[in-house]
Amino acid sequence: MKKRIFRSMCLLSAFGVLVTTLAVAVLLYQEFYDNMQLEVQTEAEYLVKGVEQDGSVYLEEIRNKSVQNRLTWIDSDGTVLFDSETEAEALDNHLSRPEVQDAIIKGSGKNARLSGTMGQQIFYYAVRLEDGTVLRVSKTVDSVFRMVLGCVPYLVGIAVLVTGAAMLFAKRQTKRIIQPINNLDLETPMDQDMYEELSPLLLRISRQNASIEASLRALKEQKEEFQSITDHMREGLLVLDNRGSVLSINESARQIFQVQKDEVLHHNILRVSRDEAVQHSVEAALGGENGEGLVDLDGRSYQLLANPVWADGILKGCILLLLDVTERQKAEQQRREFTANVSHELKTPLQSISGYAELLQNGLVKEADVPRFSERIYKEASRLMALVEDIIRLSQLDEGQEEMEKKPVELFTLAKEVGARFQENACQKEVTLTVAGRPAKVCGSRRILEEMIANLCDNAVKYNRAGGTVEVWVEPLEDGTVLTVEDTGIGIPEESRSRVFERFYRVDKSRSKETGGTGLGLSIVKHGAQYHHADLKLISELGKGTRITIRFPKE
Ligand code: ADP
């Protein structure tokens, strides 16, 4: 633009200078021509007087003085009487010359033409004398040309100077015109002091700026919204483009894969994980299929769901979702184990019952042994019943069926009631069972709490030795209530301490069965504690005793 303006200005000024120079040259020529005519006329008039007085003598005198202009004296019939440059006799009759004609008729005449004799453009001026002859003065127009040509160097010089000055001026002016445009701040186009002609353009830029700004703001808000939603998701979420580069990764996914956002953003998914399951799922999704897989990371299991993203029939990328299925997997595993264990546990007493019953049915038992066999059957059936009851209790706790039953329970009174129930049993085993403490209220299910205390007391008596003690202690504290069941029994070996709360786990299988244990007692205690949001702690020393503490939170 700058160049164009500058070039246009230069061209314009050069054209102006050229036209002016030509006009000046033409005017000069005209002026010189007029002057030449006037000079020739004045000279003619002057000469007329001399010729009228002295005739051809005067003219001869003039010729000898070598005058510049040509003088011709013509008789009234056109015969040339004298010519200052040629012999008069050699010249033809001049009557037909327009200036001579005019001079004879009007007294004077002028004409400019190409002279046949001289071969030049000549100006003629003729004056009639009193005797009717005509005196003609002529001058070549070339002299005017020469004069004008003499001025040309000056004219050219002036033109060059003016053109140079005009170019300098044009350069400065172009810079001044362009400067505000160069300095234009497109961020705030309407605040600029700018040419009026640019106002519509600036207005448009300003409107477009506002619309771009609004779009950017909306985009940013959407992005932030998306980020904040996805960052609060428990599931890991990754958005990939169609080449497998990470476009977005949420906080959960970042933690699952243990990567930094900056390290993986806009890089291939391989930077996030090289796990085969991840790669297969992504490949499937980028191939237009739904991909699925299972990946184990840092001791946890995640289900992978990779879905392709289409837009207008074109695959744009894929979304990878990671669901933590550790608990589900564990629960499923436990359920499988539980089912297997239950079947096994039920099978044993049932087999015994069925065996004894078969012997009785076939009359293979002596009359005297019948009560013993019946007692065996009764014992096994009772064990079966206890087992079934424990299983039902556990299932109920598992499914949270008791959720609605929570209400304040006086734990100390309950502990005393349960303790009283076990007194007889304790006596038989020569164990002293005491319940002490202070009244304390716990919000929960009486039935579950009773079962928990009963299981703890049962174990404390069962796994005790003659002369041992069992202490049940209830204590209301600032931050909740504590229930402790402590015995001086056989204790639990260290390797089993973390496992005794598992279903069907027994330290000594035969002893437990002998005492009618199902292996579910402590599992019920653990589930009951979870149901009451209570903290469960076990301290035990082999051969010395066991202490189990349940800390109920303050309601
Ligand atoms: P069980 O019905 O066999 O008693 P539990 O789940 O109540 O099943 O207990 C699991 C195992 O933990 C028991 O088999 C026993 O070996 C051990 N145990 C539980 N309580 C005590 C305790 N107070 N003293 C010693 N061992 C115990």
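In the predicted model, Ile453 is in contact with Leu411, Leu414, Ala415, Val418 and Leu483, its neighbours within four places in sequence left aside. Ile453 also belongs to the largest nonpolar core, which has 47 residues. Within this core, Ile453 is among the residues that touch the most other members, together with Leu411, Leu449, Val470, Leu483, Ile550 and Phe552. At least two core residues each come from α9 (326-361), α10 (370-399), α11 (411-428), α12 (446-462), β14 (469-477), β15 (480-487), α15 (521-531) and β17 (545-553). The largest share, nine residues, is supplied by α12. In soluble globular proteins, nonpolar side chains tend to be buried together.

Five strands form an open sheet, ordered β12-β14-β15-β17-β16, with mixed pairing. The edges are held by β12 and β16 (535-541). Each has a single partner strand, so one side of each is left without a neighbour in the sheet. From one strand to the next, the twist averages 10 degrees.

The pairing can be followed across the sheet. β12 (residues 432-437) pairs with β14 in the parallel sense, over six bridges. In this pairing, Leu433 stands opposite Val470 of β14. Val470 is also one of the core residues that touch the most other members. β14 and β15 are antiparallel and share eight bridges. A hairpin of two residues joins β14 to β15. Here Val472 stands opposite Val485 in β15. β15 and β17 also run antiparallel, joined by eight bridges. Thr481 stands opposite Phe552 in β17. Phe552, too, is among the core residues that touch the most other members. In a regular strand the side chains alternate between the two faces of the sheet.

A helix covers part of this sheet. α11 lies across β12, β14, β15 and β17. Relative to β12, α11 runs at about 170 degrees. Leu411, which is in contact with Ile453, falls within α11 (411-428).

Helix α9 also contributes to the core. α9 has 36 residues and reaches 51 Å from its first C-alpha to its last. This is close to the 52 Å expected at 1.5 Å a residue. The buried residues of α9 are Thr326, Phe338, Val342, Glu345, Pro349, Ile353 and Tyr356. Gly363 follows α9 and has a positive phi, near 65 degrees.

Aromatic contacts were examined next. Five aromatic pairs are found in a search of the whole structure. In one of them, the rings of Tyr29 and Phe145 have their centres 5.0 Å apart. Their planes stand at 40 degrees, so the pair is tilted. Tyr29 lies in helix α1 (residues 2-54) and Phe145 in helix α4 (residues 142-182). The pair thus links distant parts of the chain, 116 residues apart. Tyr29 is partly exposed, with a relative accessible area of 22%. Phe145 also counts as partly exposed, at 46% relative accessibility. The rings of Tyr356 and Phe373 form another pair, with centres 5.3 Å apart and planes at 90 degrees, so this pair is edge-to-face. Tyr356 belongs to helix α9 and Phe373 to helix α10, so the pair ties together parts that are 17 residues apart in sequence. Both Tyr356 and Phe373 are buried. Ring pairs also link Tyr29, Tyr33, Phe123 and Phe145 into a cluster.

Positive phi values also occur at residues other than glycine. Gln258 has a positive phi of about 55 degrees although it is not a glycine. Gln258 lies in the loop between α6 (251-257) and α7 (261-264). At 63% relative accessibility, Gln258 counts as exposed, the cut-off being over 50%. Asp298 is not a glycine either, yet has a positive phi of about 50 degrees. Asp298 is found in the loop between β8 (291-297) and β9 (300-311). With a relative accessible area of 72%, Asp298 is exposed.

Notes:
Residues are numbered from 1 along each chain as its sequence is written. This is a predicted model: local features need pLDDT of at least 70, side-chain atom pairs count only at pLDDT 80 or more; totals for chains, interfaces and linings use all residues. Side-chain values use heavy atoms; hydrogens and water are left out. A nonpolar core is a set of buried Ala, Val, Leu, Ile, Met, Phe, Trp, Tyr and Cys residues joined through side-chain atoms within 4.5 Å. Buried means under 20% relative accessible area, exposed over 50%, partly exposed in between (1.4 Å probe, protein chains only). Helices (H or I, at least four residues) and strands (E, at least two) are DSSP runs, numbered from the N terminus. Contact means heavy atoms within 4.5 Å. The expected span of a helix is 1.5 Å times one less than its number of residues. Two strands pair if DSSP finds at least two bridges between them. Axes are lines fitted to C-alpha atoms, for helices over the stretch in contact, and angles run from 0 to 180 degrees between N-to-C directions. Rings of Phe, Tyr and Trp (its six-membered ring) pair if their centres lie within 6.5 Å; planes under 30 degrees apart count as stacked, over 60 as edge-to-face and the rest as tilted.
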